[in-house]
Amino acid sequence: MPFYEPQNCPSKELFPGVTITPIWGEHVMMSFVRFSFANALVPTHQHPHEQAGTGLEGEFELIIDGEARVIRAGDAYVIPGNTPHSARSLTENAYALDIFYPIREEYTRDLL
């Protein structure tokens, strides 16, 4: 299927107040990330996947390899594979779009 309405796709809560809605093809994945309250946290982690993204609404602090920035709507970022990073919402209902290559299968296996 080539067209999706994210609001009608299955979602998954990763951490308290952090929900993802992944949409994927054969090689690439988009993941809409909703922080439902201020200070919702994605703890420091790393993975082999390359990740890029953009802020869509609200604000969140993103720390990539020890460097912190506030991400607002329209700001973009790239996280190389195996690089430690974390995110914390600064506003209620912060919203971002993450892109992964390759697909993060642990995000999709419960949603098929």
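Strands are DSSP runs of E, at least two residues in length, numbered from the N terminus. In this predicted model, S86 belongs to one such run, strand β9, which covers residues 85-89.

**Surroundings of S86**

The relative accessible area of S86 is 11%; because buried means under 20%, S86 is classed as buried. Leaving aside residues up to four places away in sequence, S86 is in contact with V42, P43 and T44, and also with E61, L62 and I63.

**Strand β10 and its partners**

Strand β10 spans residues 94-101 and is mostly covered, with 6 of its 8 residues buried. Strand β3 (residues 29-35) runs antiparallel to β10 and is joined to it by 7 bridges. Within β10, the residue opposite F35 is A94. Strand β5 (residues 50-57) is likewise antiparallel to β10, and 7 bridges connect the two. Here Q51 has F100 of β10 as its bridge partner.

**Aromatic pairs**

A pair of aromatic rings is described by the distance of the centres and the angle of the planes. The model contains 4 aromatic pairs. One of them is formed by F32 and Y95, whose ring centres are 6.1 Å apart; their planes meet at 25°, and because planes under 30 degrees apart count as stacked, this pair is stacked. F32 lies in strand β3 and Y95 in strand β10, so the pair links distant parts of the chain, 63 residues apart. Both F32 and Y95 are buried.

F60 and Y77 form an edge-to-face pair, with 6.3 Å from centre to centre and 90° between the planes. F60 is part of strand β6 (residues 59-64) and Y77 is part of strand β8 (residues 76-79), so this pair ties together parts that lie 17 residues apart in sequence. F60 is buried, as is Y77. Together with F35, these two residues make up one aromatic cluster. F35 is also the residue that stands opposite A94 in β10.

**Charges over rings**

Two arginine residues are placed over aromatic rings, as listed below.

| Charged residue | Ring | Distance from ring centre |
|---|---|---|
| R34 | Y95 | 3.9 Å |
| R104 | F100 | 5.3 Å |

R34 lies over the face of Y95, the ring that is also stacked with F32. In the other case, the charged end of R104 sits over the ring of F100, which is the bridge partner of Q51.

Notes
Residues are numbered from 1 along each chain as its sequence is written. This is a predicted model: local features need pLDDT of at least 70, side-chain atom pairs count only at pLDDT 80 or more; totals for chains, interfaces and linings use all residues. Side-chain values use heavy atoms; hydrogens and water are left out. Buried means under 20% relative accessible area, exposed over 50%, partly exposed in between (1.4 Å probe, protein chains only). Helices (H or I, at least four residues) and strands (E, at least two) are DSSP runs, numbered from the N terminus. Two strands pair if DSSP finds at least two bridges between them. Contact means heavy atoms within 4.5 Å. Rings of Phe, Tyr and Trp (its six-membered ring) pair if their centres lie within 6.5 Å; planes under 30 degrees apart count as stacked, over 60 as edge-to-face and the rest as tilted. A charge sits over a ring if NZ of Lys or CZ of Arg is within 6 Å of the ring centre and within 35 degrees of the ring normal.
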